[in-house]
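This briefing covers the fold of one protein chain.

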Amino acid sequence: MKVYLIAGEPSGDRLGAALMAGLRQLDPSVSFAGIGGPMMGAQGLASLFPMQELSVMGLAEVLPKLRGLFKRRDEAVADIVAQEPDLLITIDSPDFCLRVARKVRVQVPDLATTHYVAPTVWAWRPERAEKMARSIDHVLALFPFEPPLMEAAGMTCDFVGHPVVSEPVADEAEVAAFRRTYGLGTAPVILALPGSRAGEVSRLADRFGDALRETCAAYPSARIVVPTVASVAGKVQERVASWPGMPIVLDPRDMGAEEYAAAKRAAFTCAHLALAASGTVSLELAASATPMVVAYDMNWMSRRIIASKMLIDTVTLVNIVSNTRAVPEFLGKACTAPNIARALGELMEDDTARAAQLEACAVTMQRLGRGGADPGLRAAQSVLDLFGD
């Protein structure tokens, strides 16, 4: 079986790598082609072009890069047609991936297609499901409430669990070693996670820094740890240089993959709380039982368009999955340093708020499949059950 995969974000790269490992475990003869990042590369994928070229978020941010994205879309379509795979699996990044799938369906109508990560039709633009069904046969869903929505649009869909539930959590020895390595002693650690895209870092880093300056003034012993990804590590280093708390940037360019994963895991576990951009990282924090404040902003045009189409009152995944509003979030105009600093201070002091978050985190992990089969293996089994020989 030959599978063509496309991922366009670090989170998609992680999903793709786990799926590839699961497919190989169930069918050792499987082969891969496509587009992905370093984690998929470690599973044997030679990417058609660098995945980070696709990591663009926000309507206004995409516009200046449209010509290059269209070129890459057409290159991907041509490569899929030439490779003649048995199955096309597109992973998240719907603005790119689903456009590729639509064009491929025109040229190769019988090619089986799967999309990994259901579109968030429960949050905004519900019409996307029906549109997606024209070129996608099967969906692998991360959240248990999504299959009925996809099936109603005409696709098959399996809930396979979220990969965060199978990722290891640091133990006490790893946390102690991390503190020794970075000279943290017994200081309270605040994680700062200003995003994995250049645009996010540019918009959020200064606001995060200003908020943390207020927090560190109130808690002068606090230390700031900033895990990042290779594609924005340089920009992060520049932007946090003026931050308080002697920030420690965990830069994957300076470490091997396993060393970085261990350091990030320990940082998440030892942190007293976190300030994070909206996204999948809230689930990573929930997995390590780290209370958080979420903040996010976009270009003004993207903000206005998306706000007009939102169907829910929170974007934080922990809030959505747990059906609570335990995690404070500050979006758009509310994403200001004073608002963020106030929420961080409350979370430092308010044991009731911390307990509510930890309960919401535990519920989230249970609902996403913690304790069950590995999500990558479940995704692979779902695919093979439908499309395997």
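**Sheet and overall form**

The model contains an open sheet of 6 strands in the order β2-β1-β3-β4-β5-β6, paired in parallel. This is a predicted model, in which local features need pLDDT of at least 70, side-chain atom pairs count only at pLDDT 80 or more, and totals for chains, interfaces and linings use all residues. Residues are numbered from 1 along each chain as its sequence is written, and side-chain values use heavy atoms, without hydrogens and water.

**Sheet**

- β2 (31–35) and β6 (156–159) are the edge strands, each with a single partner, so one side of each has no neighbour in the sheet.
- On average, neighbouring strands of this sheet are turned by 20 degrees against each other, direction ignored (axes are lines fitted to C-alpha atoms, for helices over the stretch in contact; angles run from 0 to 180 degrees between N-to-C directions).
- Strand β1 (residues 2–7) pairs with β2 in the parallel sense over 5 bridges; pairing requires at least two DSSP bridges.
- V3 has F32 in β2 as its bridge partner.
- Helix α5 (residues 94–107) packs on the sheet and touches β1, β3 (87–91) and β4 (112–116), contact meaning heavy atoms within 4.5 Å.
- The direction of α5 makes about 160 degrees with that of β3.

**Whole protein**

- The protein has 17 helices and 12 strands, taken as DSSP runs numbered from the N terminus (helices H or I, at least four residues; strands E, at least two).
- The C-alpha atoms fill a box of roughly 60 × 45 × 35 Å along the principal axes.
- Of the 389 residues, 53% are buried, that is, under 20% relative accessible area (1.4 Å probe, protein chains only).
- Among contacts with a separation of 6 or more, 68% join residues 24 or more positions apart.

Definitions and conventions. Buried means under 20% relative accessible area, exposed over 50%, partly exposed in between (1.4 Å probe, protein chains only).
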